[in-house]
Each structure stands twice: as structure tokens, then as C-alpha cells.
Amino acid sequence: MIEPKITSVGPQTPPLAALVWAFGECDDDASFFPSDQHLRALEFIGHSLWTRARLGVVTAEQGCGKSLLIRRVLRDLDDRVVAAAVQREHSNPREFLLDILRQFGFALEDSDKTERRKLLERFLNHQAAMGRICVLIVENAQSMHPAVLEELRALASVCVEGARVLKVLMLGQPTLNRVLESPRMVELVAGTVPRFLLGPLSEDQTAAYVAHRLRAAGALNPDALMPYTLLPQIYACSGGVPAQINTLCSTALSAAVDEGARQVTASALDRAIDALGLRERSPRPVPATAKQGDPVAPAVVAPAKLVISMQGMLDREVSLGASRLLIGRGEEADVRIDSVFVSRYHALIVRDKGQDLLLDLGSTNGLLINSRRVVRRAMRHRDIIQVGPARVTYLNEAAMPLAQLDPGETICFARPGFPHAAGDDAADGGTVIAFGRPDTSS
């Protein structure tokens, strides 16, 4: 009898149908994508918890991953911290307090007539006496009723021996900043409140994110399943928002399975875009090459400009017609941003050979471009610049192509630029390391 020959084929990529769920809920370490902005957000949250700060604020557009960060933070807390996380945005004050009490371990029925605020105050006082840290995490705070925010303000003001005993971490969409600046919230946000803006992924990060999620689901060669030629369209239609990337990629995978394809095809992605109503965001198709002798219409390119938003609302647009443009707090600035977080001479945009260069003029709080602190950068179309409270979008379709490297780009890693908690000790001098990409063109 001849024994069958057994050949080891090693690990295999799961079939395409099994990878449809690669872009589902991300609660394990393998699926978590450690983007620069998400890691800095985790650092900011940790800084708020373990310093004397009483309030921290994280804002981001819907779907950027705020809830994911909170789940990771809560998972890693030890016995020194007692935490409650409230997500319901349409509750009344009594429901809000009941939700907090239940998460702190109280077994109360909806009909319980206990004075809930006083019970919470006694609990906070007791935990402070035991040396524990009490943390209240409030999500979607921008949509909460003013009466609920009043309860939050009252809880945050509970003191023991002159010191507040409850730390509050508020998460929401950018409109949360307007809520915090309302007169009723003055007591809660008195002084400088550390805030962090969690931005969407860049185009490069989007490509890395898609590959990471496929690899975490078992794909040995993500590029073969989701060709790189499709990624610019995925980025354009999702805006770099992780939740929208997940939905689009999952739908595209399902469409590819229906086609019987072994990878996501252009037609499968188009079907997904149409099914999700994202066609308007999709890049316009490149017209076919004109035949020799045909008249060629000149390309119409919109002039370069800056679109400036404050607290999530459009503030103004500034054309980039001059050879240089100064950004700062001073009256002589071409783009004046009146904020204590902006230096008098903060940054300069210089036009050099048709390319706009952004330069940090040694500002105190630095420049964040696409969530990275940058000293010098040749600007690219749709770059997002954070200058203090202002979000500045650079629009210039004729700028340097995304795929082209900027040999002079200088990134700065500096502790002094990190937002400090109110009342926290000043940071030490720290070390600033700046580097540029080497120019290999010569």
C-alpha cells in the first residue's frame, strides 16, 4: 500500500469571504493601528489622569476613534483609579447621575428615590480619603442637555480640603469647544484647559491602516487583496476617518466576494462607493489622452488659498498671491490669530519656484501639520495645519505631488510642545531632535 505524500504548505491567507470582517470592531491589540495622532492622544489622556489636571478635553470628528481610545485607557487602569464612562447623550439629569452611580458599583433601580447627587458626593469624598483617583469620562458631551451639564459642573466642583476630587475627561466633536465656552461652563473650565484635537488619517496613514487591518485578520499579502491603486480613492471617499474606511473596505470586500474575485477590484470598489452614497467624494476620472491634432483646452487650476476654521466653524479664506505670508498673533501678521497659544511671529509661508514652503519661526507651541510637529515643509494639497486654536487647510491643486518626497522636510520631536495640564509643573527643557529627509537627487 502506498502512503499518501503529505506536503507542508505553511500558513495560508484566509479566503476573501473570511476577511470581510477584517474591518469590524477593533478591541484587541493586534487590530489597533498605532497612528501618530492616536498614540499622542493616549499620551494626552494619561497626562490628564496622572497629573494635577482636573479636566481634559479631546475633540474629533465622528468616527476618528475616541471611543476606542477610552476602551484602551479603561482596560489598563489599576486599583488606584475608580472610573465611570458615560456615553448616552440624550439622558435627563437623574438618568445621567444614575448611570454614573451604577458604573461606580451602586445597585440602584430606575425608581430609586435616593438623592443621587449627594450619594455621589459622599462616594467621591470617601474615595479621596482612601487615596484613590476618581475619573468621570463623558462622551458626546456636545449633545447633552444643559441641565445635565449643570450636574456635571456640580460634581466637578466637589472639594475635600480645598482640592477637587473628581477628574473629568470630556470627549466630543469639535462643537464641544463652543459648549465649554458658554457662560454656564465658566466654573468648570476656569483657567487654561488642556485640549487635544484628534485628526483623521492622512493618505499614507490610510494605506498603512488598510494593510494593517488585513494583516491582523490573517492576510499574508494585503497588497494583493487591496491593490495600492485603489487606496487614493478609498482615502478620498472616506476622508481618512477610520470608521468610514472600515465601512467602505468591508463593503468593497463583500462586493468582490459577490463578483467571485480573489481581490478587491476597481468595479467592486465602485459598487461599494455607490452603495454608500460616496460618489461625490470620489476623484474625478482622468480624461482619455487627446488625439494628435485635437485642440487641447487649458487646465483650470484654482488659486492656492488657506481655509481657516475656528472651533469647527469656517472663519475665513486667505489667498496665497503674495511671495510671503506671515502667520501670528501680532497686528502686522497677514493671517492674524488672536490667541495666547499663538506666538507674535508664529510661522511664515514663502513661495519658492511655485512651491509654498511653511516655516516655523521658533514659536512656543509649534506647528502641527497632519498631526505631526513640523519645522519646515513643502506644502501639499489638503495639508491640515494646526496653529493654536485655528485649523488651517491648505488648498493648492498645483502643489507638490503627494508621492514626491520633500528632501528638506524637518520634523520636530519635542516635549515642550506638548499641552500641559492646568496647574501642572512646567515641563523640563527636554530634548528637541529635528531631521530632514536626505536629498538623494544629486
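The exercises below, each with a worked solution, concern a predicted model.

**Exercise 1.** Classify Cys134 and Cys159 as buried, partly exposed or exposed, and state how many disulfides the structure holds.

Solution. Take the cut-offs: buried is under 20% relative accessible area, and exposed is over 50%. Cys134 has a relative accessible area of 0%, so this residue is buried. Cys159 has 40% relative accessibility and therefore counts as partly exposed. As for sulfur pairs, a disulfide needs two cysteine sulfur atoms within 2.5 Å. The structure holds zero disulfides.

**Exercise 2.** Describe helix α3, from the residue that caps its N-terminal end to the residue that follows the helix.

Solution. Start at the N-terminal end, where Asn92 is the cap: one of its side-chain oxygens lies 3.1 Å from the backbone nitrogen of Arg94. Next, list the buried residues of α3, which spans residues 93–103: Phe96, Leu97, Leu98, Asp99, Ile100 and Leu101. Then find their packing partners, which are the strands β2 (81–86) and β3 (133–139) and the helices α4 (116–129) and α5 (146–156). Finally, look past the helix: Gly105 follows α3 and has a positive phi, near 105 degrees.

**Exercise 3.** Determine the volume of the second largest pocket and the make-up of its lining.

Solution. The volume comes to about 540 Å³. The lining has 26 residues, of which Gly63, Cys64, Gly65, Leu68 and Ala243 are the closest to the pocket centre. Sorted by class, the lining of this pocket has ten nonpolar, ten polar and six charged residues. Sorted by element, α2 (66–75), α7 (203–216) and α10 (242–259) each supply at least two lining residues. The largest share, four residues, comes from α2.

Technical notes
Residues numbered from 1 in each chain as written. Predicted model: local features only at pLDDT ≥ 70, side-chain atom pairs only at ≥ 80, totals over all residues. Heavy atoms only, no water. Buried < 20%, exposed > 50% of the residue type's maximum accessible area, 1.4 Å probe, protein only. Contact = heavy atoms within 4.5 Å. Polar contact = N/O pair within 3.5 Å; in protein donor to acceptor, adjacent residues only side chain to side chain. 1 Å grid on protein atoms, 1.4 Å probe; cavity = no way out; pocket = protein on both sides within 12 Å on 5 of 7 lines; lining within 4 Å. Points joined across faces, edges and corners; volume = space filled by probe spheres on them. Nonpolar A, V, L, I, M, F, W, Y, C, P; charged D, E, K, R; others polar.
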